[in-house]
Each structure stands twice: as C-alpha cells, then as structure tokens.
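Me: I have a chain open here and want to go through how its parts pack. Can you take my questions as they come?

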Amino acid sequence: MFMQGTQRRLLGSLNSSSAATPHLGLAANHTGPRCLEVSVPDGLFLSLGLLSVLENVLVVAAIAKNRNLHSPMYSFICCLAVSDLLVSLSNVLEKAFILLLEAGALATRAAVVQQLDDLIDVLICGAMVSSLCFLGAIAVDRYISIFYALRYHSIVTLPRAWRAISAIWVASVLSSTLFIAYYNHTAVLLCLTSFFVAMLVLMAVLYVHMLARACQHARGIARLHKRRRPVHQGFGLKGAATLTILLGVFFLCWGPFFLHLSLMVLCPQHPICGCVFKNFNLFLTLIICNSIVDPLIYAFRSQELRKTLQEVLLCSW
C-alpha cells in the first residue's frame, strides 16, 4: 500500500521482499532499540476480514429488505456497512495476492502487478475515507435528531441524505485516486492524518454535546419525579459509558494507523519510529476489527434491524 513508503506491498512480494514490514530505508541496526513487533498470522488476518465482510453483508441485506429501514439514518448506516465491507474485502484480496505471489502460485509481470496494486490501493483508500465520512455523517444525523427534533424530518430528508451520500462516494473515489497517484508526497500523508483528526474532533464534540443535553433532560425529569440524584447519576454513567465505547473504539482502531502515517512524515529514518512501522499489519488488522465492531454499535442495536436480520438468515437456510 502507499502508506508503507516507496515499496508497494504487491510489488515487494513479487520481488521476494517482506510484505509485513514497511520499506523505509532503515538499515538493520542491532545496537538500536529493541522493537516490540506484534505478528498477525495470515490466517487470523484473513479470517477477521471474511468475518467483517459477512457481517456487513448481513447489515446491507437487512436494511435493503425492510422498507421501514429506508430512512436517512439507516441509509447512512447501510453506506457505512458498504464502506467497512470494502475495507475488509480489499485488504483480504491484497493479502491473498501477496500470499500467492510469495508462494509462486501466481506468475505475472511486474507491470500487471503494478496496475493491480494501484487498483487495490485506490479501493482500500477510498473505502477508508468513505468509512470515516459516514461515521461523521451518522454523528451529524444523530445530533440534528436531538437538537432539532421537531424539524428533523424537514431538515434531513431522504433526497438530501442521498445527495450527501453521493457526494461522499464521489469525494472518496477522487481523493483516493489522487492519494495513490501521489502516495510518496508528504502532503498526501498530512491530508489523510488531518482528515482523521478532523473526524475525531467532530465526533467528540457532537457526541459530548449530545450527552450533555441528554443529562440535562434527565435532570429535568428527575426534578418532576423528585428523584434527582439516582436518575441523573444512573443516566449519566450509562451515557458516559456509551460515549467512551463509541469514541474509544474509533480512536483505538483508527489511531495507530494514522500515527503510522504521521511518523512517516515526522521521523521516517528514526529507529524508534521504525519500531512503529514494523507493526503496520497490526494497524490494518485493527481497522478490520473496527469494521467488525461498527455493526454492533450502529446497526445491531436496532430491534427492528435485528428482527429483519433473523428473517434474512431464516430465508437463506
């Protein structure tokens, strides 16, 4: 991938070099810092990717089947599932091609591998960008539903939602194409890292504001029932726990990958940064894990979607 420096993963495999360790021009330094390198078995990587693909396919199928779920909110959730599906599928395909090239089971020319590498990288990058965008879109949708509840259905209409969705997909494809074309430029890495930080700040601000409003609402209810302390504390703790899980999963799964990109700009030759680079496959695995967790947070908590999912599973048997 373009995130790994000047040597691409598929091309590196074609040349019998290591695909798991980024090529950053670091000389082997036995006197330098000892690195903690977490090795992700290929079987585990592929299994997690296929699990994510299956899970997100079920989410898309359930939303498509139930007309009651054809609303702006579920449209964003469906597109998030498609993005996560593409993230996992593209990484699984790339890993499969790497293993085939390393095993000598796939004989092809370097030019073909280059084109294939570019295509997969555009797919991976575009899916990652769109996944982050739809996470932000879901946060904005929920914010409007809480702070503009009476006007929500006039503000967030289905045509407007589809226009926003179309814009996100077009922007993701165009930006990923540019990113891959200029993958060795520092500006590309800075743009991607800045985009992640912007999405993190957006989600944190919106969800914290929503939690504050919900706690304020709970205090009002508590005053009416003369049970201020128990109700407010219990609701506040539950809301804080939900917020911590939501933002924590996002940061833990995406943060290491963008830390990798940041360090490629700040200290590409430093031995300590080189220790971080050695765990690139782990960072990709965490992103796939995020694709597995997203349906649990955003989709499967809906009772109607779970009911539709049961019908989809029963029909498939």
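Me: Of the contacts in the protein chain with a separation of 6 or more, what share comes from residues 24 or more positions apart?
Reply: Residues 24 or more positions apart account for 82% of those contacts. Keep in mind that this is a predicted model.

Me: How many helices and strands are there?
Reply: The protein chain has 11 helices and zero strands. Along the sequence the pattern reads α-α-α-α-α-α-α-α-α-α-α.

Me: And what percentage of the residues count as buried?
Reply: The figure is 45% of the 317 residues. The protein chain exposes about 16300 Å², and 67% of that area is supplied by carbon and sulfur atoms.

Me: On to helix packing. At what angle do helix 4 and helix 6 cross?
Reply: Roughly 140°, with the axes coming within 8 Å. Helix 4 spans residues 110–147, and helix 6 spans residues 158–181.

Me: Why is that pair called oblique and not roughly antiparallel?
Reply: Roughly antiparallel requires an angle over 145 degrees. The axes cross at roughly 140°, so helix 4 and helix 6 are oblique to each other. The crossing of helix 4 past helix 6 is right-handed.

Me: Which residues meet there?
Reply: From helix 4, they are D118, D121, V122, C125, G126, V129, S130, C133, F134 and A137. Helix 6 brings I165, I168, W169, S172, S175, S176, T177, F179 and I180. Sorted by class, the contact of helix 4 with helix 6 has 11 nonpolar, six polar and two charged residues.

Me: Take I165 from that list. Buried or exposed?
Reply: I165 is buried, because its relative accessible area is 2% and the cut-off for buried is under 20%.

Me: What does I165 touch, leaving aside neighbours within four places in sequence?
Reply: I165 is in contact with S75, F76, C79 and F134.

Me: Where does helix 3 run, and how does it pack on helix 4?
Reply: Helix 3 covers residues 72–103 and packs on helix 4 at an angle of about 155°, with the axes 8 Å apart. That angle makes helix 3 roughly antiparallel to helix 4. Their crossing is left-handed. In the contact of helix 3 with helix 4 there are 20 nonpolar, five polar and five charged residues.

Me: One more pair. What are the angle and axis distance for helix 2 and helix 10?
Reply: Helix 2 (residues 42–65) and helix 10 (residues 280–299) pack at about 25°, and their axes are 10 Å apart. The two helices are therefore roughly parallel to each other. Helix 2 passes helix 10 in a left-handed crossing.

Me: Which residues make that contact?
Reply: On helix 2 they are F45, L48, G49, L51, S52, E55, N56 and V59. On helix 10 they are N281, L284, T285, I288, C289, S291, I292, P295, L296 and A299. The contact of helix 2 with helix 10 divides into 11 nonpolar, six polar and one charged.

Terms used: Residues numbered from 1 in each chain as written. Predicted model: local features only at pLDDT ≥ 70, side-chain atom pairs only at ≥ 80, totals over all residues. Heavy atoms only, no water. Helix = DSSP H or I, 4+ residues; strand = E, 2+ residues; numbered from the N terminus. Axes fitted to C-alpha atoms, helices over the stretch in contact; angles between N-to-C directions. Parallel < 35°, antiparallel > 145°, perpendicular 65-115°, else oblique. Left-handed = near helix turned anticlockwise from the far one by under 90°. Contact = heavy atoms within 4.5 Å. Nonpolar A, V, L, I, M, F, W, Y, C, P; charged D, E, K, R; others polar. Buried < 20%, exposed > 50% of the residue type's maximum accessible area, 1.4 Å probe, protein only. Areas by Shrake-Rupley, 256 points an atom, 1.4 Å probe, with all protein chains shown as cover.
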